[in-house]
Amino acid sequence: MKKIFALLLVLCMIFALSACGKSGGTTSSEAPAAESGEFKPDGPVTLIVAYKAGSGTDGPARILAQFAEKYIGQTVVVENVDGGSGSIGWSQLAAADPDGMTIGVMNLPNFNNSIVNELGTYTTASFKAICNHVTETSIVIVRADDDRFPDLDALVAYGKEHDGELKASTNGAKASNHIGAQAFANSAGFKYIDIPQGGTADQLLSLRNKESDFTVVKLGDIAGQESAYRVLGIFAAERDSRIPDVPTLAEKGLYDQWLGSSRAIVAPAGVSDAVIGFYEEALKKTMEDPDYLAAASSFDTNFQDHAATAALIEQQQQFAESLGAEFWGE
Amino acid sequence: MLETLGLMGAGFINALTPINLLMMAGGVAMGIIIGCMPGLSAAMGVALMLPLTFTMKAETGLIVLGAIYCGAIFGGSISAILIHTPGTPASAATAIEGYQMTLRGKAGKALFTACYASFWGGLLSCISLYFFAPLLAQLTLKFRSAEYFWLSIFGLTIIAGVSGKSIVKGLISGAFGLLLSTIGLDPVTGAKRVMFGQAYFAEGINTTCALIGLFSMSQVFILAEKKITARAQATKFTDKMSLTRDERKLIRPTIVRSWLIGNIIGILPGAGAAIACFLGYNTSKQFSKHKEMFGKGSIEGVAGSEAANNAVTGGSLIPTLTLGIPGESVTAVLMGGLVIQGLAPGPELFGKYAPMTYTFFAGFVLVQFFMLGIGLLGCRGFAQISRLSDAILIPCVTVLCCVGSYAIHKNILDIVVMMTFGVIGYLMRKFDLNTAAVVLALILGPIGEKGLRNALKSSGGNPAILFSSVVCWVLIGLCIVGILSPIFMAKLEAKAEKEAVAGTEEDVEKLTEEDSV
């Protein structure tokens with residue numbers, strides 16, 4: 001009897017070990033030659049996601065991975081390496097073998113903020129851009145039943161009149177939506193109180209239970225609950241076709257740059273151009289695949305090529321570095 | 001209403017997938033094994049198995065943890081009945097009557113009663129889960145920063161309840177946990193706090209690793225320092241595992257009473273299954289028409305204790321799922337599982353994630369049936385495990401602790417953290433400090449800190465905001481109750497225990513006399 005249960009416990013441990021090793025994969029020692037003009041992965045490809053399974057970043061990445069297998073010709077394994085505000089995963093990606101078998105998702109501007117906050121040892125030069133995957137644009141919202149703010153002008157006028165009184169929940173101190181609220185208030189010329197919450201869900205709850213007066217989120221964040229909020233403005237150069245009645249901030253003479261978040265697919269800096277070219281092509285085809293598009297309806301797929309994505313990463317880096325004490329009003 | 005009924009029904013359909021059923025059976029069996037091994041507690045078992053659920057779907061993972069929880073609470077009764085050693089503290093009262101029945105050759109009957117009562121206690125406690133949890137969750141929609149601050153303070157008053165003999169030592173443990181919870185990025189300003197330049201600590205101490213260390217690894221150290229000795233031989237029993245129709249009828253009112261007691265105790269944070277079993281036992285004695293049987297192996301006594309401790313399971317899930325306030329250490333671990341799946345306790349569980357939540361509830365109902373089946377069929381086998389040697393147990397648990405903490409992020413630093421907390425936990429237990437208080441403070445500290453600072457920030461520093469709503473005052477009232485209730489509970493438990501023990505000792509003496517004759 002004793003032996004049987006000892007055996008049972010051993011089996012249990014093997015089960016546990018297999019849970020760890022799930023995405024270990026077999027990185028072949030004979031990785032494809034980096035210098036040759038052709039690249040084709042010869043084993044499972046690992047896609048590192050710097051946030052946990054089930055997170056907002058994880059879902060779209062898994063849909064991309066699933067449909068990309070057809071064009072990459074290999075299994076694509078999503079590996080969630082979370083912690084350290086994303087920096088643990090990006091550190092691991094930067095240190096991965098540049099053999100084209102490991103690529104990853106880079107969240108902009110969170111990635112850039114992690115460099116500014118000195119959380120990781122990497123820089124933008126530690127990675128090579130493959131392409132852009134998802135782009136989400138920021139919007140200014142209030143409660144749908146808040147009669148004080150029928151439009152953006154009313155919010156700005158109220159903010160100026162009651163300087164330093166309006167409250168805005170954010171998705172964390174100096175996180176993406178805090179940057180948005182600050183950029184909006186700075187351009188409008190009023191001060192406000194930021195109420196940092198743990199994430200976007202809590203941020204929206206804080207607006208709904210009237211702890212906050214307005215907030216800045218991404219358009220996709222309010223999908224399915226549009227009736228609860230009134231969208232006052234969008235941080236883009238042009239109006240969005242899904243909300244054609246909502247003016248851009250630039251139209252109102254406020255913040256005139258695009259603001260939001262992007263998710264780029266990148267590889268460690270040492271990979272050859274053949275690797276970049278291969279994935280750029282394969283992922284472009286994936287993002288045009290009708291099956292993929294059907295599965296990806298809940299978020300904004302936005303393919304941009306290698307060059308445009310590299311420029312976006314640099315632009316976001318400069319933007320993140322420009323957000324000094326002056327921007328934050330400290 | 002109709003929509004909710006639809007969700008409940010859909011929950012059962014979703015829960016009935018082969019993988020879920022397999023996991024329920026496996027979880028219950030695992031729980032019973034852990035429960036009936038003296039030295040391994042329910043919290044430890046759930047902590048140990050938690051990392052295995054990361055790769056599962058959220059509902060499946062939660063069902064496994066719920067199954068282990070229920071199984072372990074029942075499993076404790078097996079060793080309590082057969083070798084007079086409660087496998088978990090929750091079965092302490094079961095040992096009193098259960099072992100008497102074993103001595104009289106009625107071990108099978110005792111085990112059947114325990115299993116039957118556990119089943120009904122657990123099943124009935126699901127009713128409150130279905131009805132109160134969504135209501136309470138809706139309430140949290142009204143919660144702003146000030147309310148969250150008071151909620152965390154209310155949660156922290158649990159420390160008084162779990163700290164046992166010395167409140168001061170409980171408070172020291174809680175303060176230590178609060179201190180640890182400040183590690184990481186400041187939630188309000190984003191400043192780095194006590195991170196020693198390690199990005200690893202940006203999101204604070206990994207609670208799961210900390211609790212695997214504090215609950216499981218420290219237990220390994222405790223077991224390992226003792227000389228490895230053979231455990232008492234479990235009695236081989238030959239009588240049939242069943243109850244007559246009259247006996248079932250006899251324990252029916254006892255089960256209902258114990259269900260109510262256990263369920264209410266479960267909902268109240270701070271009072272766990274260990275208290276419920278004594279209260280359930282004592283109440284069954286007070287209401288019994290066969291008081292003379294108590295101390296001589298009363299099936300009512302066994303049923304009273306076992307129905308109460310299993311009724312705690314459903315009840316204690318309510319504050320965990322709705323308010324994010326785990327009432328005891330097992331649900332603290334369970335909450336860790338919830339958070340790792342990306343689910344936050346509160347109204348979202350009954351809105352956006354309602355299908356998942358109702359699948360879990362349905363799974364929890366079905367788990368009770370598995371517990372009945374596996375418990376009855378496997379009792380004889382499980383009885384033998386209760387004497388499994390520490391020589392096997394220690395290496396197995398150590399490996400599971402390491403693998404478990406590594407599996408979360410596949411980061412070797414997590415094992416270092418787990419081991420560190422293992423040592424901390426070992427030392428704490430040596431000094432009679434309370435490891436559960438550390439975990440509670442680690443979970444509740446950040447909620448309270450953010451709540452207080454955000455509330456004061458939005459009021460421009462005016463503390464009046466902390467007293468500005470009815471919900472605030474209700475929570476303040478609950479805090480006061482929370483601080484005072486352990487004193488009341490301790491008295492109640494001591495009374496129940498005293499009466500229970502007084503009865504038994506006499507009888508044990510009598511029995512030994514009879515034996516020697």
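1. First, a term: a residue counts as buried if 20 or more other C-beta atoms lie within 10 Å of its own, as exposed if 12 or fewer do, and as partly exposed in between, with C-beta atoms placed from the backbone. Bear in mind that this is a predicted model, where local features need pLDDT of at least 70, side-chain atom pairs count only at pLDDT 80 or more, and totals for chains, interfaces and linings use all residues. Residues are numbered from 1 along each chain as its sequence is written, while chains are lettered from A and ligands numbered from 1 in the order in which they are written.

2. Helices (H or I, at least four residues) and strands (E, at least two) are DSSP runs, numbered from the N terminus. A:Thr102, A:Gly104, A:Met106 and A:Leu108 point one way from E3(A), and A:Ile103, A:Val105 and A:Asn107 point the other way.

3. What does E3(A) pair with? Strands pair if DSSP finds at least two bridges between them. Strand E1 (residues 45-49) of chain A runs parallel to E3(A), with three bridges; A:Ile48 has A:Gly104 as its bridge partner. Strand E9 (residues 260-268) of chain A is antiparallel to E3(A), with five bridges, and there A:Leu108 is partnered by A:Ser262.

4. Zooming out, chain A has eleven helices and ten strands, and 48% of its 330 residues are buried. The chain is divided into domain 1 (43-135 + 260-322) and domain 2 (137-259), with bounds from an automatic or database domain assignment. Their centres, taken over C-alpha atoms, are 28 Å apart.

5. Now the cores. A nonpolar core is a set of buried Ala, Val, Leu, Ile, Met, Phe, Trp, Tyr and Cys residues joined through C-beta atoms within 7 Å. The largest has 165 residues, and B:Val46 and B:Leu440 have the most contacts inside it. Helix H4 (residues 58-83) of chain B gives the most to this core, 17 residues. Another core, of 49 residues, lies apart from it and includes A:Trp90, A:Met101, A:Met106 and B:Phe201.

6. Finally, take a look at helix H15 (residues 354-385) of chain B. Its 32 residues put the end C-alpha atoms only 39 Å apart, short of the 46 Å that a straight helix would reach at 1.5 Å a residue (the expected span is 1.5 Å times one less than the number of residues). H15(B) also has a kink of about 70°, centred on B:Cys379, the bend being the angle between axes fitted to the seven residues ending at a residue and the seven starting there.
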